[in-house]
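Please view the sequence and the model alongside the text.

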Amino acid sequence: MATTELAPRTRDKARATGAAMLLGSALSNQTGAATAALAFPVLGPPGVVAVRQWVAAVVLLAIGRPRLRSFTARQWWPVLGLAAVFATVNLCLYTAIDRIGLGLAVTLEFLGPLAIALAGSRRRIDLVCAVAAAVAVGVLMRPQPTTDYLGIGFALVAAVCWACYILLNRTVGRRVPGAAGSAAAAGVSGLLYVPIGVVAMLHHPPTFGALAASVTAGLLASAVPFLVDLMALRRVPAQFFGAFMSVNPVMAALAGLVVLDQRLDAIAWAAIGVIVAANTVAVLRRAR
């Protein structure tokens, strides 16, 4: 009897801890992205992403200390996939942020976790949530004379990458103990960006301020979320992870406003609110 009562309590405590981790991860991630945008005029998005990847690689390799020679093929495949996704999502997202702003770019990127949260569900309320979120995204993407469709396209590619990131990160967490898998993926991603970073800095000589902003972004938007997300995914289901990430568009819009003075109109804020509300309903249903 005692064992039967303890299991749900333990599970609920683990999920509460995981939710707190995800909230801190989102705050760190969006603050880091806003800080990175400060360096775009000097280094450009590719240069900033390169520095961010190098910082993440150094920090995570120091923490995880992966024994690469002991990795099996079954462990290497998801690690390499995670490295490729990690590198691609950052480049696409930062390019989108540079073109359409932090709040809109992150909101569109959120379509990836939203798809994970609602995938496979047959409940009518989840269908309503999906339709509401889709309409809200359509409102955010409404055609205007100043609409940057290329920037929107980069944000949508980032959305696909983020969905893959969620699934691959969970697989890596199951197959590789500790933070070794995340560290190895960050190291591979950092190596991929060596030629990109060198070319970017030859064309855009860095300043101390730009490098400082990029390093800070590497810590706040790469190293911290990478580790925290991995630990959180061991405490909550992938669907819960995707739904809880609804907090990211709000934090991105706020970070864009506070750090970058990027202002959204009332319609955009309303659309973001609808997306957050739709995912809150999904989270509450799963919690119940």
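Where is the place of Arg-65? Arg-65 sits in the loop between helix 2 (40-64) and helix 3; the section on loop residues returns to this position.

## Basis of the model

This is a predicted model, in which local features need pLDDT of at least 70 and side-chain atom pairs count only at pLDDT 80 or more, while totals for chains, interfaces and linings use all residues. Residues are numbered from 1 along each chain as its sequence is written, and side-chain values use heavy atoms, with hydrogens and water left out.

## Overall fold

The protein chain has 12 helices and zero strands; helices (H or I, at least four residues) and strands (E, at least two) are DSSP runs, numbered from the N terminus. The radius of gyration of the protein chain is 19 Å, close to the 19 Å from the globule rule for 288 residues, so the chain is as compact as a globular protein of that length. That radius is taken over C-alpha atoms, and the globule rule is 2.2 Å times the number of residues to the power 0.38. Along its principal axes, the C-alpha trace spans about 65 × 55 × 30 Å.

Buried residues make up 50% of the 288 residues in the protein chain, where buried means under 20% relative accessible area, exposed over 50% and partly exposed in between (1.4 Å probe, protein chains only). The accessible surface comes to about 13500 Å², of which 69% belongs to carbon and sulfur atoms; the areas come from the Shrake-Rupley method with a 1.4 Å probe, and for residues only the protein chains shown count as cover. Among contacts (heavy atoms within 4.5 Å) with a separation of 6 or more, 90% are between residues 24 or more positions apart.

A nonpolar core is a set of buried Ala, Val, Leu, Ile, Met, Phe, Trp, Tyr and Cys residues joined through side-chain atoms within 4.5 Å. The largest such core has 83 residues, and those touching the most other members are Leu-22, Tyr-94, Ile-97, Ile-100, Leu-102 and Phe-226. Helix 3 (residues 73-100) gives the most to this core, with 13 residues.

Beyond residues up to four places away in sequence, Ile-100 touches Ala-105, Leu-108, Asp-148, Gly-151, Ile-152 and Ala-155. Asp-148 also caps the N-terminal end of helix 7, with a side-chain oxygen 3.2 Å from the backbone nitrogen of Leu-150. Helix 7 (residues 149-175) has 27 residues, which at 1.5 Å a residue should span 39 Å, and its end C-alpha atoms are 39 Å apart, in agreement. The expected span is 1.5 Å times one less than the number of residues.

Thr-35 lies in helix 1 (residues 2-37) and is buried, with a relative accessible area of 14%. Leaving aside neighbours within four places in sequence, Thr-35 is in contact with Ala-213 and Thr-216.

Ala-212 is found in helix 9 (residues 208-233) and is partly exposed, at a relative accessible area of 34%. Ala-212 and Ala-36 are 176 residues apart in sequence and 9.3 Å apart in space, C-alpha to C-alpha.

## Loop residues with positive phi

Most residues other than glycine have a negative phi. Arg-65 has a positive phi, near 45 degrees, and is exposed, with a relative accessible area of 68%.

Asp-261 also has a positive phi, near 60 degrees. Asp-261 is placed in the loop between helix 11 (247-260) and helix 12 (266-287) and is partly exposed, with a relative accessible area of 49%.

Key
A polar contact is a pair of N or O atoms within 3.5 Å; within protein, one must be able to donate a hydrogen and the other to accept it, and residues adjacent in sequence count only if both atoms are side-chain atoms.
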